[in-house]
Amino acid sequence: METIANNNNPELQLLRNQFSVLKEKVDTQAIVNEELMRKVMSNKWKEINRNSTLVRLITIVGIAYCTWIFATIHMSTPFIVGTATFMLLALGYNLYCHTKWGICYKEWLEGDLVVTGRKVAQFKLMKTRWLKVGIPAVCGWFAWFCYEVLNLNNRTNEFNSGLIIGGMVGGIAGAIIGYSLYHREQQRAASIIAQIAELTTS
């Protein structure tokens with residue numbers, strides 16, 4: 001009897017209808033918000049890929065240029081080969097990270113965000129590991145570079161000193177630019193992970 005009375009109550013029925021409409025709007029808004037956040041995360045990932053592509057292009061040009069200039073001023077073959085090898089390793093590691101943990105556009109829009117978040121977190125970790133290896137390696141390379149320059153017999157002392165100073169200035173500038181790109185990449189990756197955590201825990 002109470003159920004029949006409730007069903008015949010126009011005010012109660014109106015409240016139920018309003019609640020149902022409100023729930024549909026909330027559900028729709030949640031879906032729209034998730035789609036927007038997925039697109040935002042996809043755009044951030046595109047920026048990461050774009051910067052990494054730029055770094056790879058610079059590395060390729062750097063390998064060719066360094067090999068040519070070092071051979072021109074008659075540095076030792078082991079140093080030239082060692083420099084090219086180190087740069088090739090850096091290039092290969094960069095490609096490996098983006099191939100191993102690459103995320104396509106469709107995966108951002110339709111894929112499992114938990115799996116995607118793990119990929120981003122692993123990518124972020126691997127880039128941090130490279131930095132820990134890369135900094136000591138670059139310092140060792142620069143010491144080797146100075147040794148090579150100081151042992152150039154076919155150049156004046158002024159030339160050798162200028163080459164070392166130029167290498168220091170170039171190295172500092174490169175370090176600042178490289179760390180800036182790395183820091184920006186890490187920030188974007190951290191932001192993506194935070195957004196995924198917000199979506200998957202809400």
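At the start of H5, a side-chain oxygen of Asp-112 comes to within 3.0 Å of the backbone nitrogen of Val-114. The model is predicted, so local features need a pLDDT of at least 70 and side-chain atom pairs count only at pLDDT 80 or more, while totals for chains, interfaces and linings use all residues. Residues are numbered from 1 along each chain as its sequence is written, and side-chain values use heavy atoms, with hydrogens and water left out.

The chain holds 6 helices and 0 strands. Helices (H or I, at least four residues) and strands (E, at least two) are DSSP runs, numbered from the N terminus. Along the sequence the pattern reads α-α-α-α-α-α. Of the 202 residues in the chain, 27% are buried. Buried means under 20% relative accessible area, exposed over 50%, and partly exposed in between (1.4 Å probe, protein chains only). Contact means heavy atoms within 4.5 Å. Among contacts between residues at least 6 apart in sequence, 78% join residues at least 24 apart.

The mean pLDDT of the chain is 82, and 83% of the residues score at least 70. This score is the predictor's confidence in each residue, from 0 to 100. Confidence is highest in H3, at 92. It is lowest in helix H1 (residues 2-7), at a mean of 50. Where pLDDT is low, the predicted coordinates should not be read in detail.

H3 (residues 77-100) has 24 residues and reaches 34 Å from first to last C-alpha, close to the expected 34 Å. H5 has 38 residues and reaches 55 Å, close to the expected 56 Å. H6 has 45 residues and spans 65 Å, close to the expected 66 Å.

H3 and H5 (residues 113-150) pack against each other, as their contacts show. Their axes come within 11 Å and cross at roughly 170 degrees. H3 is therefore roughly antiparallel to H5. Axes are lines fitted to C-alpha atoms, for helices over the stretch in contact, and angles run from 0 to 180 degrees between N-to-C directions. Angles under 35 degrees count as roughly parallel, over 145 as roughly antiparallel, 65 to 115 as roughly perpendicular and the rest as oblique. On the H3 side, the residues that meet H5 include Phe-79, Thr-83, Phe-86, Tyr-93 and Cys-97. On the H5 side, they include Phe-123, Trp-130, Ala-137, Trp-141 and Phe-145. The buried residues of H3 include Phe-79, Thr-83, Tyr-93 and Cys-97. Those of H5 include Phe-123, Lys-127, Gly-134 and Phe-145. Ala-137 of H5 is partly exposed, at 26% relative accessibility. Its C-alpha lies 8.6 Å from that of Phe-86, 51 residues away along the chain.

Thr-59 is buried, with a relative accessible area of 14%. Beyond its neighbours within four places in sequence, Thr-59 is in contact with Met-87 and Leu-91. Both of these H3 residues are buried. A polar atom of the Thr-59 side chain lies 2.8 Å from the backbone oxygen of Val-55.

Glu-185 lies in helix H6 (residues 157-201). Glu-185 is buried, at 8% relative accessible area. A polar contact of 3.0 Å joins its side chain to that of Lys-127. A polar contact is a pair of N or O atoms within 3.5 Å; within protein, one must be able to donate a hydrogen and the other to accept it, and residues adjacent in sequence count only if both atoms are side-chain atoms. Lys-127 is itself buried in H5. Leaving aside neighbours within four places in sequence, Glu-185 also touches Ile-48, Ser-52, His-98 and Phe-123. Other buried residues of H6 include Tyr-182, Gln-186 and Ala-189.

The loop between H2 and H3 contains Ser-76 and His-74. Ser-76 is partly exposed, with a relative accessible area of 24%. Its side chain makes a polar contact of 2.7 Å with that of Glu-148. The C-alpha atoms of Ser-76 and Val-149, 73 residues apart along the chain, are separated by 9.9 Å. His-74 is exposed, at 54%. Its phi is positive, at about 65 degrees, although His-74 is not a glycine. Most residues other than glycine have a negative phi.

Methods. Expected span 1.5 Å × (residues − 1).
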